[in-house]
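Reader: I am new to this structure and would like to understand its aromatic rings. Could you walk me through them?

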There are 2 protein chains.
Amino acid sequence: MARNENTPEDNAMAQQVQRRRLPDDRTASLIAELKDLLGERCTTSASEREHHGRGESYHADAAPDAVCYPLSTEEVSAIVRLCGKHGAPIVAFGTGTSLEGHVAALEGGITIDLKRMNAIVEVNAEDLDATVQAGVTRKQLNAYLRDTGLFFPVDPGADASLGGMAATRASGTNAVRYGTMRENVIALTVVLADGKVVKTASRARKSSAGYDLTRLFVGSEGTLGIITEVTVKLYGIPEAMSAAVCAFPDVGAAVQTAIETIQSGIPISRVEFLDDRSMVAVNRYAKLDYPEKPTLFFEFVGTEAGVAEQAERVRELALGNGGENFQWATTPEERSRLWQARHDVHYACLAMRPGAKSWSTDACVPISRLGELILYMREQTKDAPFYVTSLGHVGDGNFHMGFLIDVNDPAELAEAERLNGVLLQRTLELHGTCTGEHGVGSGKSKYLRAEHGDAAVDLMRLIKTAMDPQNILNPGKVLPAN
Amino acid sequence: MARNENTPEDNAMAQQVQRRRLPDDRTASLIAELKDLLGERCTTSASEREHHGRGESYHADAAPDAVCYPLSTEEVSAIVRLCGKHGAPIVAFGTGTSLEGHVAALEGGITIDLKRMNAIVEVNAEDLDATVQAGVTRKQLNAYLRDTGLFFPVDPGADASLGGMAATRASGTNAVRYGTMRENVIALTVVLADGKVVKTASRARKSSAGYDLTRLFVGSEGTLGIITEVTVKLYGIPEAMSAAVCAFPDVGAAVQTAIETIQSGIPISRVEFLDDRSMVAVNRYAKLDYPEKPTLFFEFVGTEAGVAEQAERVRELALGNGGENFQWATTPEERSRLWQARHDVHYACLAMRPGAKSWSTDACVPISRLGELILYMREQTKDAPFYVTSLGHVGDGNFHMGFLIDVNDPAELAEAERLNGVLLQRTLELHGTCTGEHGVGSGKSKYLRAEHGDAAVDLMRLIKTAMDPQNILNPGKVLPAN
């Protein structure tokens with residue numbers, strides 16, 4: 001198995017892996033039982049195992065011992081029961097686009113790939129909801145909805161599965177208007193560590209009937225249960241839509257415009273910041289000629305009159321902050337070209353340094369502190385030995401940095417880790433969170449105590465231990481080792 | 001102590017009370033220690049105790065052994081530690097406006113009244129958030145915000161405390177636009193059963209950093225911890241606002257108009273249904289002359305142009321369904337008169353039968369099933385031996401019924417309980433929830449297994465037992481006894 005050079009943290013985890021890995025004979029017995037259950041849908045092929053131990057980031061890979069492809073909630077339950085019997089770790093896998101090492105099988109065990117559970121179970125157009133199996137991706141759902149006039153808005157960039165998006169509490173560019181998975185999941189079907197199946201809620205839009213199990217599983221990253229079905233909110237496709245790009249003389253002016261937009265209560269659907277370095281990458285990658293300056297991408301939705309009104313107000317705010325070159329995209333083709341450029345940033349940045357990996361990190365602060373945070377990190381990273389980009393869903397105060405590193409260079413890895421720590425420490429000082437949407441995985445668990453305090457982390461651990469006493473569900477993720 | 005006649009359910013609970021009540025000598029020791037801690041802010045006065053064992057509904061009262069008035073989170077923690085040492089039950093009390101017996105001290109013990117914890121801790125106008133102590137009421141917060149151009153929208157009718165509203169996952173008339181407490185609480189400070197203090201989240205608008213402790217406590221009704229501080233979202237006061245009342249020939253036409261409004265994606269801020277009997281009560285109580293027919297109350301907010309556009313669309317939908325007498329209220333005085341009428345419904349109905357109490361119940365279904373549910377219950381209650389009103393926050397599918405009963409008449413109580421069961425059974429068949437916003441308390445715990453299934457309720461119990469192993473936090477509420 002191809003393994004990247006490890007960070008000290010990874011080495012510590014690798015030792016833990018050695019310590020906690022199931023004995024080979026038990027693993028062999030388990031796999032034999034899983035093959036009895038699933039036939040060829042349980043595989044130990046090296047390429048399958050390697051693929052499933054890998055996310056889209058700098059984290060070291062860690063392959064499971066086998067990969068299973070269930071077709072139903074009942075099969076997931078049966079797999080979990082067998083793993084429970086043997087005490088084997090279980091990692092749930094959607095599309096493998098996570099960024100904090102979520103899918104690495106740190107202690108070996110079984111990966112449950114949900115991609116074949118990709119049925120649209122039901123669409124209730126009149127109630128604006130849909131229920132899908134966990135492996136359905138957001139693009140698949142939206143393609144299915146094409147003729148209904150409805151859409152599912154949460155858009156993390158990658159064409160992730162809805163189960164994975166729920167598990168990491170994903171959001172993305174239009175969370176500023178439509179909310180994150182926290183607000184958009186109505187109900188979940190979840191397989192617990194003992195194999196029992198829970199339906200977390202009815203399809204009612206609101207309920208005060210007991211503890212909010214839905215929100216307990218949203219963001220739990222496969223550590224409390226395996227999500228097998230997701231009921232989400234749908235929205236009417238807006239009657240009118242308009243998008244624009246505007247360059248600013250400096251970072252502060254761009255961020256200030258975003259802040260003023262939110263504070264004015266303008267119901268903007270997206271407001272995305274890209275710094276000058278990200279714009280260089282975007283221009284090169286997509287052969288565009290945007291000004292290579294700090295830039296905001298805007299999207300407005302609503303009625304024709306409402307969109308025009310919103311757009312004019314934001315234009316005035318932008319001009320007041322020195323914005324220039326306001327470029328409009330009103331046709332669907334222009335809009336999709338514009339947003340494609342934004343969505344390609346991750347790959348555009350990777351293309352700036354062929355062979356590099358991106359250490360992608362995110363933080364989220366109250367919006368009034370966002371400009372300060374971005375400027376602070378610009379100063380902190382100005383001498384970094386690698387390309388650094390910053391961008392963000394600035395309407396939510398959510399800020400991303402990308403460090404384009406050679407993962408085989410321990411000095412670069414160490415410097416990226418140091419800068420990540422600088423970012424997150426400053427974020428916490430500014431009353432923010434160490435991750436706005438990427439999740440904790442193994443990469444950020446060491447920041448949880450600093451963010452939440454010992455009592456809150458101990459409470460999370462108490463819940464985890466009660467629900468998964470053997471610690472078989474995605475061990476080594478979310479909660480810090482001590 | 002004044003006690004209503006009991007339902008069979010209440011009698012069963014009363015027996016449980018006798019069985020589980022702390023021995024008198026231990027209670028005396030605890031109260032002595034609490035008085036050492038709090039002085040006169042711990043009281044055993046009969047009137048104080050009785051007041052605190054009583055909500056606003058038909059449920060039997062049950063007074064605690066003493067009432068404490070802490071001034072700080074630290075004092076709440078100290079009280080909880082003392083109660084924990086003695087194994088004494090603890091009930092948190094806000095303004096006593098709950099409707100499902102939440103505040104009744106079924107096993108005696110200590111009520112913690114948070115009303116003196118009424119400080120506005122901080123308002124971050126630029127971030128659109130505020131942090132308050134749990135005893136701050138929504139009207140108090142909005143009065144405090146008056147000069148900021150901001151407001152807190154969640155409005156359950158009663159001037160409830162924000163701690164109580166968070167604890168019951170309250171919502172109300174404008175949840176259709178602004179969401180419920182689930183969506184509007186950013187963070188909580190909570191005292192756990194062992195006295196430890198947890199801050200559930202930062203002020204960031206979104207986060208993927210660990211389990212969603214905030215949402216775990218929102219709606220937990222004091223059974224998992226005592227909420228002492230609440231951070232909520234604020235919103236800009238809309239530039240323009242308009243309201244209207246429209247009568248319909250029948251219930252179906254009114255509800256269909258509400259459904260079409262939501263399905264069209266019109267961002268209406270309130271759409272309230274009142275049946276003809278509720279309108280009779282409102283007219284008498286407030287000396288108004290609205291048509292005594294099924295009626296919708298609407299509110300539109302936004303820009304001048306946006307409000308006009310929304311209002312015109314809804315008027316067309318209403319006319320298409322036979323709506324008539326569309327009456328507009330555009331001045332603040334007219335609007336407040338209109339909404340006062342709506343808010344007074346509870347008291348207006350009580351005035352229809354002096355001396356009666358209201359058995360207020362609520363249910364919530366996917367909006368496409370709402371008309372069916374309301375018509376079904378109209379048929380089921382047509383021969384009821386008491387006045388029955390139905391109304392609802394129909395934009396959410398949330399439906400209320402009020403049974404005006406003589407609580408000293410066992411036959412009326414039994415019939416109200418039967419009709420409540422009929423409503424909730426039909427609600428569950430229609431994929432709804434047994435309470436949209438009132439909460440479970442002791443009144444609806446017996447419906448939880450039917451709604452959620454055994455595995456989900458057992459999971460809730462597992463969490464409760466892990467977090468409160470002595471079962472001292474509001475025992476007898478939320479979870480069914482078995």
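Predicted model: local features only at pLDDT ≥ 70, side-chain atom pairs only at ≥ 80, totals over all residues.

Reader: Is the pair of Phe297(A) and Trp339(A) stacked, edge-to-face or tilted?

Author: Planes under 30 degrees apart count as stacked and those over 60 as edge-to-face, with the rest called tilted. The ring centres of Phe297(A) and Trp339(A) are 6.0 Å apart and their planes meet at 50 degrees, so this pair is tilted.

Reader: How many residues apart are Phe297(A) and Trp339(A) in the chain?

Author: Phe297(A) belongs to strand β14 of chain A, while Trp339(A) belongs to helix α13. The pair therefore links distant parts of the chain, and the separation is 42 residues.

Reader: Is Trp328(A) buried, partly exposed or exposed?

Author: Buried means under 20% relative accessible area and exposed means over 50%, with partly exposed in between. Trp328(A) forms a tilted pair with Phe326(A), at 5.1 Å centre to centre. Phe326(A) has 17% relative accessibility and counts as buried. Trp328(A) has 35%, so Trp328(A) is partly exposed.

Reader: Which ring does the charged end of Arg116(A) sit over?

Author: A charge sits over a ring only if, among other conditions, it is within 6 Å of the ring centre. The charged end of Arg116(A) is 4.4 Å from the centre of the ring in question, which belongs to Tyr69(A).

Technical notes:
Residues numbered from 1 in each chain as written. Chains lettered and ligands numbered in written order. Heavy atoms only, no water. Phe/Tyr/Trp six-rings, centres within 6.5 Å; stacked < 30°, edge-to-face > 60°. Helix = DSSP H or I, 4+ residues; strand = E, 2+ residues; numbered from the N terminus. Buried < 20%, exposed > 50% of the residue type's maximum accessible area, 1.4 Å probe, protein only. Lys NZ or Arg CZ within 6 Å of the ring centre and 35° of its normal.
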